[in-house]
Structure formats: structure tokens, C-alpha cells
Amino acid sequence: MTGAAQPPTVAIVTLGCARNEVDSDELAARLEAGGFRLVAEPDDAAAVLVNTCGFIEAAKQESIATVLEAADLKDAGTQAVVMVGCLAERYGSAVAEALPEADAVLGFDAYPVIAQRLRAVLAGEHLAAHAPQDRRRLLPLAPADRPTVSVRPPGHAAPDLPEGLPPATGPRVVRRRLGSGPVAPLKLASGCDRRCTFCAIPSFRGAFTSRPPEEVVAELEWLAGQGVREVLLVSENSTSYGKDLGDLRLLESLLPRLGAVEGIARVRLTYLQPAEMRPTLVNAIAATPGVAPYFDLSFQHASAPVLRAMRRFGSRPDFLALLASIRAQAPSAGVRSNVIVGFPGETEDDLRELERFLEQARLDAIGVFGYSAEDGTPAAGFDGALDPDEVAERVDRVSALADELAAQRAAERIGEHVDVLVLGPAGDDAAGSAAVVGLAAHQGPDTDGVTTVLVAAGDPLPQPGSLLPARVVDTDGVDLVAEVPGRS
């Protein structure tokens, strides 16, 4: 008598942002429910699922390279390589034709049936490549009408789960954590209604759609049960949360509920639009227990003419006023931002205005990106496009300034008392003391630096996930060095 057939194995490779991490967790849950066994390494898998990023040119090239690397494993036994994610959704059949190494290219609508699709690929079936469409048109123009439509973005409610999976009542969490650390992302909403001229994301992520509060709370409770201690609330535009649910201030009432979830030490909000910030939201982020006083503000530039060309609002004085209002309520609040340099028509005066803003803003972390013309965006057809070498020079110039300013801001924190969420051990310092590395409240994961906390020789190392009070004693660039209270 032969044993039962072994379940097929699958590895998921995730590229891009934290929103893609949430989507990969959904794919993992659906594949596991569909009879697949998840493995960590692609070279151990019968099938490799590459969750791609399609935001900018560099991300597209990384996604393509990753698919090609996975395809090379076919010589060692891998049977199928499947593309999903933003690049697959955005380009579909075009990328399938250009990249025959991928055995299938599937869009977001395939996620609920991903197990069936992957079994078909492993069985040798040819699946038609995803046909791209403007996902903004799948939902009504009026946000209030969107909850009545059955289109479900990745990471949202899933009434289609197989019977028998928990919970029997209430919102159903469709996640299988692929990460194991004490920090995890949680999707607050999907899509975007803004029409920034440089950005293609709304066309393939769709119109803005909030997740209902009960669904968000239920997933956070589930994450707490998985050992998560800090959650990163992610979306394309968190400041719009609730507008399609009839309450523009819904986020202000949701944050206290999230901050009170047992087991969660810190809730961190990301992807905030400066033009949509309101005093009540600033107060909720700055003063709600359990919520990090952390402001991830998407400034993009500070020159009013460039911002108007980007179809964005604000100016250097406007942004400085917003920062002043934040620091009036939370003097040690963390603030990070991204900026784009080399936008079509950007003059030396515009660039200097951006630099002047950065010099005055005292930001903790600054991401600097060179403009790239994205397919289907209005800015791709603008006059005044800069030579790529000039864009690269401006990136280098502003990046050097940003690094210097962020290091100066870190140095201002020497003497501050911080609560550090421990990620793990950091090795030994020169004096022979042990140390752990973690995140202070002003440090977002993977982007904003870390804090190394020195622990006295002989003392037990704090465990990952613990919240460790410490005092900042030194810096290394944007990274902080701190000591536990009482250390001599």
C-alpha cells in the first residue's frame, strides 16, 4: 500500500513595499489552504511565486532579474515560476511575451483562486496571461458607492474562504505570516484617488478602498496572537481612510482601538499625504497611547511650481507650518519623507528651494529618488525633461545633503529617553558589553535607521519583541546608540 501523495511545495519571493508583504501573506494562506506546503527557499520548491514590484524602473528591473534567477532553478528541479504582484498586474500579457521564462503571469483577480491556478501550471496547463486594465474604473467614482461593489483588492475581506477555516463568525483573516520578527505590516486600505502626474500606482492598484474597522481590528488581534509586537499600518494613502465608509475622521477613532489591542506594544502609521493632514489626525497620532508619534509624510518636493506640475499641493512654508504643529504636540516626534528630484522643468531655483526646506525641516529620514518617466503618466509627456546624467547628479547632490541632515537630527537626540522595540542581538561592543538592536518610536522598520542598546556585562539580553527603556548616548549616522537606565 503506497503512502499519501506529498503536497506540492511552493516558495514565495516578495519584492517591493510592505503592502506587497501583506499580499504575500494572503497568497501563502490561500496556497496552504489549497494543499500546498510552503518552503522558505526557492531552490527547495516545486513552484516559485514571485510577487513583483512595478513602481519605478529600478523596481521593474529587479523584478525581472528575480524571475530570471528563479527560472534558472528549473535545471535543478523547480517545475514552475509564476509572476504575480504589481508588475504582473500592470503589464500582464506584455511582460509575459517579453519574459517567456515565467510559466504564468497572473493579476490580482487570480489571488482568491491562486491554489487552483498554480496546480494547473504544475500540471502543464497553459494559462492565458493577465489582461491589464485601469483598475480605477472597476469601482464607482463616488467613494460612498464603493462598498456596494464586489471588487475585492488584495488583502481585504475574504468571504470566499473554504468552510472550516476560523473564525466561524466575524471578519476572517486571510494571512499566513511569512516573516517571523516582532514587527509586521497591516493593510489599512488599498488604492488611491489622487492623480499625481508622476505616479502610475492608481491605474494598477485601483481607486481608494478602506478596510472596515472591525476587519482591521480583527487582523491586528490575530497578529498579536502570532507574536507581533509592533504593527505598521500601510496603504497607498492612509489619510484618506474612511472617506468611502462615510466618515472622514474614522482613522482618529480607529487608532485608540488599535493601540489598546492586548499584546501590541506600538502601532505605527505610514503613507500620510501632507495636503490631507488635519489637526484632529495630528493629535491622534501624537497623543494616542500605544500609537507611535511618527509622521511618514509624502512631501515629494518643496517648490510650489514643481508641486503644482506634480498635481500636488503645498509649499515650503506650508510644510514647515505642518511640522511646527506636529512638534508643538510631540516635540520628539519622528518625521520621515521621500522627495523626487529631476522632475521635468525643475530649475536650479526649484532645487534650491527643496534643499532649503530640508535644511529647515529637521527630518529623521529622507528618501531621495530621481524622477523616471512612467508609462501612462501625464508627466511622461511633459516638456522640460532633464538629461538622465543631470538627474543623477541632482540625486547625488540632494542625497549627500539628506544624509548629513539626518545624521545631524540623530545627534540632536543624544540625551533623549527612548523606548526601543528589540529586534534581536547586535553582538558585542568594544568594551565587551552585549547589545541588542531595535527600533525607537521615531524609527520605521527598514527605512529609518536603528538603535543599538548596550547591556551591562552579565545582564541577560532582552528578548525580541520586548520594549526596552533606554537613553541615547551616541550616534552613527542616522543610527542611535543607547544605554539602559542605571548603566555606569
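Trainee: Does Ala 144 count as buried or exposed, and at what relative accessibility?

Mentor: First, a word on the source: this is a predicted model, in which local features need pLDDT of at least 70, side-chain atom pairs count only at pLDDT 80 or more, and totals for chains, interfaces and linings use all residues. Residues are numbered from 1 along each chain as its sequence is written, and side-chain values use heavy atoms, with hydrogens and water left out. Buried means under 20% relative accessible area, exposed over 50%, and partly exposed in between, with a 1.4 Å probe and protein chains only. Ala 144 has 55% relative accessibility and therefore counts as exposed. Ala 144 is placed in the loop between helix 5 (114-122) and strand 6 (183-187); helices (H or I, at least four residues) and strands (E, at least two) are DSSP runs, numbered from the N terminus.

Trainee: Is Arg 19 buried or exposed?

Mentor: Because its relative accessibility is 9%, Arg 19 counts as buried. Arg 19 belongs to helix 1 (residues 18-33). Contact means heavy atoms within 4.5 Å; beyond four places in sequence, the residues that Arg 19 touches include Lys 187, Glu 236 and Tyr 271.

Trainee: How do the axes of helix 11 and helix 12 cross?

Mentor: Two packed helices are described by the angle between their axes and the distance between the axes. Axes are lines fitted to C-alpha atoms, for helices over the stretch in contact, and angles run from 0 to 180 degrees between N-to-C directions. The axes of helix 11 (residues 316-329) and helix 12 (residues 348-361) come within 10 Å, crossing at roughly 10°.

Trainee: Which residues of helix 11 meet helix 12?

Mentor: Arg 316, Phe 319, Leu 320, Leu 323 and Arg 327 in helix 11 do so, facing residues of helix 12 that include Glu 353 and Phe 357.

Trainee: Which residues touch the most other members of the largest nonpolar core?

Mentor: A nonpolar core is a set of buried Ala, Val, Leu, Ile, Met, Phe, Trp, Tyr and Cys residues joined through side-chain atoms within 4.5 Å. In the largest one, of 93 residues, they are Leu 31, Leu 49, Met 277, Phe 295, Leu 297 and Leu 323. Helix 13 (residues 388-412) supplies the largest share of this core, six residues.
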